[in-house]
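Here's a walk through the fold, strand by strand and helix by helix. Keep the viewer open while you read.

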Amino acid sequence: MITDRTKIAVITGASSDIGEATARLFAKEGYLVILGARCHGKVRAIAESIGGVAIPLDVSRTESVEKFSKAIHGPLDLLVNNAGGALDLETIAEMDEDKWITMYQTNVLGLGRMTRALLPQLKSSEYGAHVVNIGSITGLETYVGGAGYTACKHAVQAITQTMRLEWLGERIRVTEIDPGLVETESSLVRFAGDTDRAQSVYQGMRPLLAEDVAESIRWAVSRPWHVNIDQIAIKPTDQARMDKIFRRSN
């Protein structure tokens, strides 16, 4: 039975960038937004500003995910698996195992942990639930120095497609959003705080904004119930592939 209760959304990696933009947008859409992130001070301030709830969360730690999920009682209508990120640009010959493991823990295992932990709440949504996994165009292609990260994002695509298979007939829709270059803090993280190197990623071109990606999520979620948007690849006009970018000299 459909009720008039407030819909509830959980967004991971919600302390900045795509996660923050998505949280703000869905709060405007009338959702009670539950924000999870490691930077609890930042995510708490965002939650307070939008009337949401902040819960500490590190998706790379099973105990943190389980504690987070136990704090959510009752049905859940939307899960946005946004937490993740890339580290450096080493070639395979220069592979740093610790960086690869860190990326796999957040981008892949973190997504799996969150979905497993919250699946009972998703299944109990009387509206029908939606899981949105934030991938990347790097899950559709490869580039030099990106083996570790592209492997993780290819895994996100495989997991998303498996969700569609395993939940066929359930009242749960599944969408993968694959952004190209987005102007976020991720480049600064990727290059260990090297500001010049991070800014060079966007030099001479106009990247996507976090709000552009958040809007694509809102659009997919807002489709009529009989419509499932399986996948959206969204790139800046100045980008054709990960390594094919039009840059203006001025």
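## The middle of the sheet

Asn81 has its bridge partner in β5, and that partner is Asn133. The two strands involved, β4 and β5, run parallel and are joined by 4 bridges. Keep in mind that this is a predicted model.

Zooming out, 7 strands make up an open sheet, ordered β3-β2-β1-β4-β5-β6-β7, with parallel pairing. The edges are taken by β3 and β7, each with a single partner strand, so one side of each has no neighbour in the sheet. On average, neighbouring strands are turned by 15° against each other, direction ignored.

Over on the β1 side, β1 and β2 pair in the parallel sense over 5 bridges. Val10 is part of this, with Ile34 as its bridge partner in β2.

## Helices on the sheet

Helix α4 packs on the sheet and touches β1, β4, β5 and β6, and its direction makes about 175° with that of β4. Helix α5 (residues 147-166) packs on the sheet too, touching β5, β6 and β7, with its direction at about 160° to that of β6.

Thr115 sits in α4, which covers residues 97-123. Is Thr115 buried or exposed? With a relative accessible area of 5%, it falls under the 20% cut-off and therefore counts as buried. Beyond its neighbours within four places in sequence, Thr115 contacts Leu79, Asn81, Met163 and Trp167.

## Helix α2

In α2 (residues 40-50), the buried residues are Val43, Ile46, Ala47 and Ile50. Why do they line one face of the helix? Looking down the axis of α2, they fall within an arc of 100°, so one face is what they line. The general rule behind this: an α-helix has 3.6 residues a turn, so residues three or four places apart point the same way.

Those buried residues pack against α1 (17-28), β2 (32-37) and β3 (53-56). After α2 comes Gly51, with a positive phi near 70°.

## Helix α8 and the cores

The 12 residues of α8 should span 16 Å at 1.5 Å a residue, and its end C-alpha atoms are 17 Å apart, which agrees. Its buried residues include Val213, Ile217, Arg218 and Val221. The buried residues of α8 pack against α1, β4, β5, β6 (172-179) and β7.

The largest nonpolar core has 32 residues, and those touching the most other members are Val33, Leu35, Leu78, Val132, Ile177 and Ile217. At least two residues each come from several elements, among them β1, α1, β2, α2 and β5. The largest share comes from α8, at 6 residues.

Which residues does Ile217 contact, leaving aside its neighbours within four places in sequence? The list is Thr22, Phe26, Val80, Val132, Ile134 and Ile177. There's also a second, separate core of 25 residues, which includes Val10, Leu76, Ala83 and Ile172.

Key. Residues numbered from 1 in each chain as written. Predicted model: local features only at pLDDT ≥ 70, side-chain atom pairs only at ≥ 80, totals over all residues. Heavy atoms only, no water. Buried < 20%, exposed > 50% of the residue type's maximum accessible area, 1.4 Å probe, protein only. Arc of directions from axis to C-beta. Contact = heavy atoms within 4.5 Å. Core = buried A, V, L, I, M, F, W, Y, C linked by side-chain atoms within 4.5 Å. Expected span 1.5 Å × (residues − 1). Pairing = 2+ DSSP bridges. Axes fitted to C-alpha atoms, helices over the stretch in contact; angles between N-to-C directions.
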